[in-house]
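Please read these remarks with the sequence and the model open beside you. They are written for someone meeting such a description for the first time.

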Amino acid sequence: MSTVDPLLRITDLAIDYRTGHREWTTAVRGASLHVQPGEFVSLVGESGSGKTTLVHAALGLLPPAARIRSGAIAYSDVDVTGWNDRRMALVRGNYVGFIPQDPNTSLNPVKKIGQQVVEAVRFNAPKPGNAERHHQAALDSLRTAGLKDVERVFQQYPHELSGGMKQRALIAIALAGKPRIIVADEPTSSLDVTVQKVILDHLVRLREELDIGILLVTHNLGVALDRSDRILVMRDGEIVEQGPVDQVLEQSTNEYTRRLLDAAPTRLAASFGARPVRAEAPYVLRARALSKTYRLRGRGQRRDLRAVDGVDLAVRKGTTHAIVGESGAGKSTLASILVGFTAPDRGTVHIGDTELTGRRRGRLREIRRHLQFVFQNPFTSLDPRFTVGRIVAEPLHAFGLAPGRAQRTARVVELLAAVALDESYLHRLPGQLSGGQRQRVAIARALALNPEILVLDEAVSALDVSVQAQILRLLVDLQAGYGLSYVFVTHDLGVVRLVADDVTVMKDGVAVETGPVERVFGEPRHPYTRELLDAIPGTRLALAGPG
């Protein structure tokens with residue numbers, strides 16, 4: 001046991017949220033953790049487990065409706081529990097740097113990156129300094145965060161940077177006060193796997209070079225296992241397990257931890273089993289030479305963005321064709337063309353023997369009965385004012401199917417049962433459902449018209465790993481039961497291994513590689529495909545084998 005005081009120590013912390021005039025509900029109970037100098041610690045758990053509440057308490061960022069009921073928070077053995085915001089401001093930045101989850105909401109869109117980093121430098125400076133010194137310190141911070149061409153980045157606005165560059169800008173702001181510990185709250189959850197790898201590699205490098213402690217908050221157990229020295233698992237406000245990575249991975253006896261481990265894509269493959277070979281099945285969807293160019297305007301300039309460039313795609317009945325690639329690769333534009341939401345500049349789409357492209361609106365609507373779309377975020381794609389029953393019944397009503405109320409209700413109950421939801425959900429609103437339940441409702445609605453094909457655009461990317469596993473298994477079961485064909489858009493190659501028969505890899509609007517999943521993953525021919533495969537997290541979990 002180290003004799004050095006931990007950089008951060010939380011002891012038996014209990015946190016409540018006000019739910020009424022005199023009513024409180026407990027969000028965190030009896031939580032304890034510590035982070036030593038040069039140590040990488042991960043706090044893992046699903047949405048709602050209390051992870052963010054715990055770290056916000058440590059940073060003095062709890063909302064007014066929350067209170068610390070008991071326990072203690074200490075930095076280098078200095079108890080800061082109950083400190084007001086003015087006193088905590090002396091700790092934040094100078095001692096602890098914070099990297100929030102979403103740079104799109106954390107960076108000021110109307111201020112240049114350099115100005116925002118300079119503000120952090122100036123605020124955390126031990127004594128007043130001149131503008132030139134602050135400017136130079138901000139450039140140094142951007143370099144330390146791993147950004148190239150920092151003079152140019154200094155003059156850019158957030159919207160002019162990629163997602164990975166914006167996240168590095170947040171790291172630069174967190175480093176501006178030369179902190180001894182960094183708290184990173186889901187810093188890579190919205191990033192592509194390759195960008196995620198770069199950011200995590202850099203955090204590890206900072207830990208080694210600056211001897212800072214890192215507390216990573218994440219729901220991605222694969223990421224935590226690959227990067228951490230120790231892991232803490234949180235559930236329903238309690239830390240149910242903690243220990244060195246090897247101990248948690250190989251000796252865990254906690255049922256919830258084992259469930260998280262077994263739900264990771266690298267562990268699920270064995271339970272999903274081999275996919276049936278359908279090489280002789282007829283094609284239900286074919287796309288030829290699809291292209292789409294957008295004309296962008298800004299700052300008095302015009303330029304063309306070729307979102308999709310000469311892409312071919314073929315899907316056989318009862319199979320899943322995955323489309324993978326980083327953000328901006330053209331995946332979602334291609335999916336939108338396939339379902340007729342976006343008209344291509346060139347190329348054709350056929351459903352069976354019927355051409356979809358160039359059809360008039362009325363005919364297009366009829367064809368779409370055979371081709372349904374499942375969006376990424378079920379919360380925004382479901383009308384919050386409609387009950388579940390009305391949402392699922394809407395396509396039936398729109399197409400004149402099951403005309404009687406009793407018939408529609410019976411059909412809706414049947415559809416809900418197909419996605420493992422019972423009649424009690426009929427009168428609930430989307431806001432009363434979990435993320436996984438909302439996605440099940442979205443799938444039930446998509447199935448209402450008995451389609452042959454579902455196009456799923458990042459349909460599981462926003463879900464916790466255990467809920468993701470449930471939805472993936474549901475999709476596999478529905479495919480087997482209904483003979484469905486899927487076009488599965490995703491940036492998660494670990495998921496592709498589980499559910500896809502064929503895969504198309506896209507980069508900058510071009511299909512750089514396509515073929516059976518076994519061949520593309522086993523013998524990738526394009527350097528970009530190899531780069532994506534190398535970036536998949538969960539290596540230690542895969543090597544450990546099934547639990």
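Predicted model: local features only at pLDDT ≥ 70, side-chain atom pairs only at ≥ 80, totals over all residues.

1. Residues are numbered from 1 along each chain as its sequence is written, and side-chain values use heavy atoms, with hydrogens and water left out.

2. A salt bridge here is a side-chain nitrogen of Lys or Arg within 4 Å of a carboxyl oxygen of Asp or Glu, and by this rule there are 17 salt bridges. Among them is the bridge between Asp85 and Arg92, whose closest N and O atoms are 2.9 Å apart. Arg92 counts as buried because its relative accessibility is 18%, where buried means under 20% relative accessible area, exposed means over 50%, and partly exposed lies in between (1.4 Å probe, protein chains only).

3. Lys111 and Glu119 also meet through their side chains in a salt bridge, at 2.7 Å from N to O. Lys111 is partly exposed at 24% relative accessibility, and Glu119 is likewise partly exposed, at 32%. Elsewhere, Asp16, Arg67 and Arg69 are linked in a network of salt bridges.

4. Which residue forms a salt bridge with Asp236? The partner is Arg235, with the closest N and O atoms 3.9 Å apart, and Arg235 is partly exposed, with a relative accessible area of 35%. Asp236 also has a positive phi, near 50°, although it is a residue other than glycine; it lies in the loop between strand S9 (230-235) and strand S10 (238-244). Helices (H or I, at least four residues) and strands (E, at least two) are DSSP runs, numbered from the N terminus.

5. Asp211 has a positive phi as well, of about 60°, and is not a glycine. Asp211 sits in the loop between helix H8 (193-210) and strand S8 (213-218), and is partly exposed at 48% relative accessibility.

6. Rings of Phe, Tyr and Trp (its six-membered ring) pair if their centres lie within 6.5 Å, with planes under 30 degrees apart counted as stacked, over 60 as edge-to-face and the rest as tilted. The count by this rule is 3 aromatic pairs, including Tyr75 and Tyr95, which are edge-to-face at 5.3 Å centre to centre with 65° between the planes. Tyr75 lies in strand S4 (residues 66-75) and Tyr95 in the loop between helix H2 (85-89) and strand S6 (96-99), so the pair ties together parts that are 20 residues apart in sequence. Tyr75 is buried at 4% relative accessibility, and Tyr95 is buried at 14%.
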